[in-house]
Amino acid sequence: MAKPTAKERILDSYEEILIEQGPGGVTLDAVAAHAGVSKGGLLYHFGSKEALVDGLMERLATLSEADLEEARKAPEGVVSWYLRTAITDVTQRKALHRTTMATIRIMLNEPRVAEVVQVYNQKLHDLISEHVDDPLAAELIILVGDGLYLRAALGRDDASPLLDRIDEIKARIQRK
């Protein structure tokens, strides 16, 4: 695996500080120090805190699009993939999960962040709806996935055993 670039390390550090300390912990000096770059190096890649937010939103969009593409290609189907990854993205600490957690931490302070998240949520809703005939069942699948994600993110041990029951969960939601 290639060594992360300075720009990637800076964004990784920005995410980490947001997750651990929230927006109040974010200063350009703190991000630079955490990333192991000078403040000038940080400013070369991200000229302001707003530019860091923009970089995070760009990362979120890129990871989200890749996630949707993976869902489309999933051998088990979109619904099973969505329910499974609601748990595994968290438990395996996948990049999209970390970016999502950082995004949640700044969403209240940055309205433009909520707009980017809404775009992804709509794309996900549309994708699930393409694979589920009943609109209510599609909405319930999304809500179950959200619940599984939250359980896993909160570290509840009862989320992972549900991985073995994804097909059963899917079947119960999609009953006619």
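**View 1. Crossing of helices H1 and H4 in the predicted model.** In this predicted model, the axes of helix H1 (residues 6-21) and helix H4 come within 10 Å and cross at roughly 95 degrees. Because angles of 65 to 115 degrees count as roughly perpendicular, H1 is described as roughly perpendicular to H4. On the H1 side the contact is made by Glu8, Ile10, Leu11, Asp12, Tyr14, Glu15 and Leu18, and on the H4 side by Leu52, Val53, Gly55, Leu56 and Arg59. Sorted by class, this contact of H1 with H4 comprises seven nonpolar, one polar and four charged residues.

View 2. Met57 is found in helix H4, which covers residues 49-73. With a relative accessibility of 8%, Met57 falls under the 20% limit and therefore counts as buried. When residues up to four places away in sequence are not counted, Met57 touches Thr103, Val113 and Val116. Leu162 lies 105 residues from Met57 along the chain, and the C-alpha atoms of these two residues are separated by 31 Å.

View 3. Leaving aside residues up to four places away in sequence, Ser64 touches Leu96 and Tyr120.

**View 4. Packing of helices H5 and H9.** Helix H5 (residues 78-91) and helix H9 (residues 166-173) pack with their axes 10 Å apart, at an angle of about 120 degrees. H5 and H9 are therefore oblique to each other, and H5 passes H9 in a right-handed crossing. The residues that make the contact are Val79, Ser80, Leu83 and Arg84 from H5, together with Ile166, Asp167, Ile169 and Lys170 from H9. By class, the contact of H5 with H9 is formed by four nonpolar, one polar and three charged residues.

**View 5. Backbone at Arg93, in the loop between H5 and H6.** Arg93 lies in the loop that runs between H5 and helix H6 (95-106). Although Arg93 is not a glycine, this residue has a positive phi of about 50 degrees. Its relative accessibility of 53% is over the 50% limit, and Arg93 therefore counts as exposed.

**View 6. Overview of the chain, for placing the close-up views.** The protein contains nine helices and zero strands, and its elements, read along the sequence, follow the pattern α-α-α-α-α-α-α-α-α. The C-alpha trace spans about 60 × 30 × 30 Å along its principal axes. Of the 176 residues of the protein, 40% count as buried, and among the contacts with a separation of 6 or more, 69% are accounted for by residues 24 or more positions apart. The pLDDT of the protein averages 91, and 98% of the residues score at least 70. Where pLDDT is low, the predicted coordinates should not be read in detail.

Conventions: Residues numbered from 1 in each chain as written. Predicted model: local features only at pLDDT ≥ 70, side-chain atom pairs only at ≥ 80, totals over all residues. Heavy atoms only, no water. Axes fitted to C-alpha atoms, helices over the stretch in contact; angles between N-to-C directions. Helix = DSSP H or I, 4+ residues; strand = E, 2+ residues; numbered from the N terminus. Parallel < 35°, antiparallel > 145°, perpendicular 65-115°, else oblique. Left-handed = near helix turned anticlockwise from the far one by under 90°. Contact = heavy atoms within 4.5 Å. Nonpolar A, V, L, I, M, F, W, Y, C, P; charged D, E, K, R; others polar. pLDDT = per-residue confidence, 0-100. Buried < 20%, exposed > 50% of the residue type's maximum accessible area, 1.4 Å probe, protein only.
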